[in-house]
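Take a first look at the structure below. We start with one residue and then widen the view.

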Amino acid sequence: MEEFKDVLTYYLKNAYIKEIVEEYERVVIDLNKMYLSGLMEVVDYIINNPFEAIKFVEECYKEAYFLLKSERIDDIKIEFKNLPKIYKEVNGREFKISDIGSKYINKLVEFEGIIVLASKKKPILKKAYYVCEKCGKSYFKDIDIFNFNEIERCECSSQLILIEDKSKFVDFQELKVQEPLDLLENPDEPAKYITVILEDSPGVYAGRVKITGVPIKVKRSKKLPIYEIIVKAFNCTVLDGEVKVKVSSEDIEKIKKLAKRDDIIDILSDKLIPEIKGHSAIKKAIFLQQIKGVKKPGKRADIHILLITDPGIGKTVMLRKIAGIPGNIYGSVTTATGVGLTAAVVREKTEIGEESWVIKPGLLVKAHKGTACIDELTVNKDILSYVLEAMESQTIHISKGGINAKLPAECAVLAACNPKYGRFDPEKSVAEQINIPAPLLSRFDLIFPIRDSSNIERDREIAEYIVDLHRAYLNREVSKKIGLEDFYVDGVKIDKEFLVKYIFYARKLKPVISEKAKNLLVNYYINMRKKHQITARQIEAAIRIAEAHAKAKLKEEVDEEDTKVAIEIITECLKEIAYDPEEGIYDVDKIIGISKKEREKVEIVYNAIKELSKRNELVSYTSILEMVKDKIKEEELDNIIKKLIKYGDIDEPKPGKFRLL
């Protein structure tokens, strides 16, 4: 490659002038940019001989540095990234973890992966400085951690002494990355993994990354010539986590064509979960959740939804169907731990053969930029505090074993649970029927109870649909009849592939709230506050839903139509969980356990106990009843006393005797 030395030096002097002038210690060479500049032979040499090539590029960069600044540099860290398209495609598709094999050993490759394990950063010996204890000769030697000899010999056969103070150390980290589900040809196949060794690591613990590195072989068996393949990374770029879905110009034309239809959102939301009959408002809300609102500084774009379903409704089917969208992940609390949902820090033996503290990102971190589908949310109340942080700040904080990290968990939450008494009772508050603390409950934008109520006509429709679903697998005519296959709208086939493309195309848009939409939202909030007990969280939720609706219709502005749909969805939700029939109002306090009217009655009882306790520390039930009987019925009093005990305002040290706390 000596014939290209002058050309490469000239290229680096001009293309990386900023790095030279500002004296960067680490320089990342964009190979695609170099390729397009006409240095195809140099790039080919780098791809096929990466270890030799990196030394060659370092020499050329040092020479370019000298030509520009008239001074020498002793050390520079060169990295490679962004391979030309011709080198990162296999059979017309992107190079993946599953493609890594013996064919690519000692070749430069580039692939994307999701971090499933990350060790803590540790210093590792990179360039050792040795001194001979006999003749006094000194040596610098590059260290390969997989071929490290603890005892080195001098030319005079004497043992060399390592001088650590003059040796060079770098930050080292080991990652295990998984092939992203959206890149798997068959999502039902087990995910492929590869271990990545990262030198000069800034500390990478979670998320989607692009690795540029060299697969190397490491011998594990002492008796057999069998090797493991790991990747020695030259560069690790943390991506934004957004899943890649290829949308062609032909797809965009179809999407734009259908977006003009008034009923397109109803059609697509119904086809999103075709296995479940009815529940159109809930399906629409879930469809808009997948498109998301518009991300702004300090404001989340994700819409959180909770489904409280009677047994047999099909909540797991819904969640698993949504988890099938690229970037989404399903998990059940019945088999998960708190750290399994967030992130775990554990001691584990790594590829380099020692036990170390490692981070294992959990479901909410892996679902970054997607949707975490959490089933049976209330089965284990001990893990709910873990979910709260992710929903509130959309980050997970880790501090253990010398690792202090903040992991991104910017995801929507679609959670489902059953009422603890079997069936949802609209007369009782949500908090009374599910074991979810009020702070977590309040983070959900939409809470939908799905009741299994009897209705002859509806039951007939559901029964026929379920039977036809079973018939459809063996009878194509039935499958066409219920729209499971070959379903067309305006000549466009609506299947899962098209739905995913529609969602991801719409998700990229950033419509702005129009003046008319703003006035509608403001008036809605003011009018609701006049009569009903709602909070600013309802208007925040309405904004996210309106933005998602506008994106679904491919609009540049959020208009009145989008706002009206959002208000309808919010109102429908409030009608189910926050309506107080006695007062004839919507009261969001009813969701977390106590409405305005109930709160007034609780205060009456509490004040009565407070007054009676002035005479005697222990207050009897009969004396409380006597004091409040004109305002509160006896059957109501029992329930109120239970709530006061639950909230920690009073206790019952003796049966029928109460005291203030």
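How exposed is Asp490, judged by its relative accessible area? This is a predicted model. In it, Asp490 has a relative accessible area of 37%. Buried means under 20% and exposed means over 50%, with partly exposed in between. Asp490 is therefore partly exposed.

Now look at where Asp490 sits. It lies in the loop between strand E22 (488-489) and strand E23 (492-493). Asp490 is not a glycine, yet it has a positive phi of about 55 degrees.

Turn to Ser70. It also has a positive phi, of about 55 degrees, and is not a glycine. Ser70 is found in the loop between H5 and strand E2 (77-81). Its relative accessibility is 61%, so Ser70 counts as exposed.

Next comes helix H5 itself. It spans residues 50-69, and Leu68 lies in it. Leu68 counts as partly exposed because its relative accessibility is 32%. Together with Ile17 and Val21, it makes a nonpolar surface patch of about 230 Å².

Step back to the whole chain. It has 23 helices and 30 strands. There are 661 residues, and buried ones make up 47% of them. The chain exposes about 33300 Å². Carbon and sulfur atoms supply 49% of that area.

Last, consider the contacts. Take those between residues at least 6 apart in sequence. Of these, 69% join residues at least 24 apart.

Terms used. Residues are numbered from 1 along each chain as its sequence is written. This is a predicted model: local features need pLDDT of at least 70, side-chain atom pairs count only at pLDDT 80 or more; totals for chains, interfaces and linings use all residues. Side-chain values use heavy atoms; hydrogens and water are left out. Helices (H or I, at least four residues) and strands (E, at least two) are DSSP runs, numbered from the N terminus. Buried means under 20% relative accessible area, exposed over 50%, partly exposed in between (1.4 Å probe, protein chains only). Contact means heavy atoms within 4.5 Å. Accessible areas come from the Shrake-Rupley method with a 1.4 Å probe; for residues, only the protein chains shown count as cover. Patches are made of residues with over 30% relative accessible area and no salt bridge: like charges are joined within 9 Å, nonpolar side chains (Val, Leu, Ile, Met, Phe, Trp, Tyr) within 5 Å. A salt bridge is a side-chain nitrogen of Lys or Arg within 4 Å of a carboxyl oxygen of Asp or Glu.
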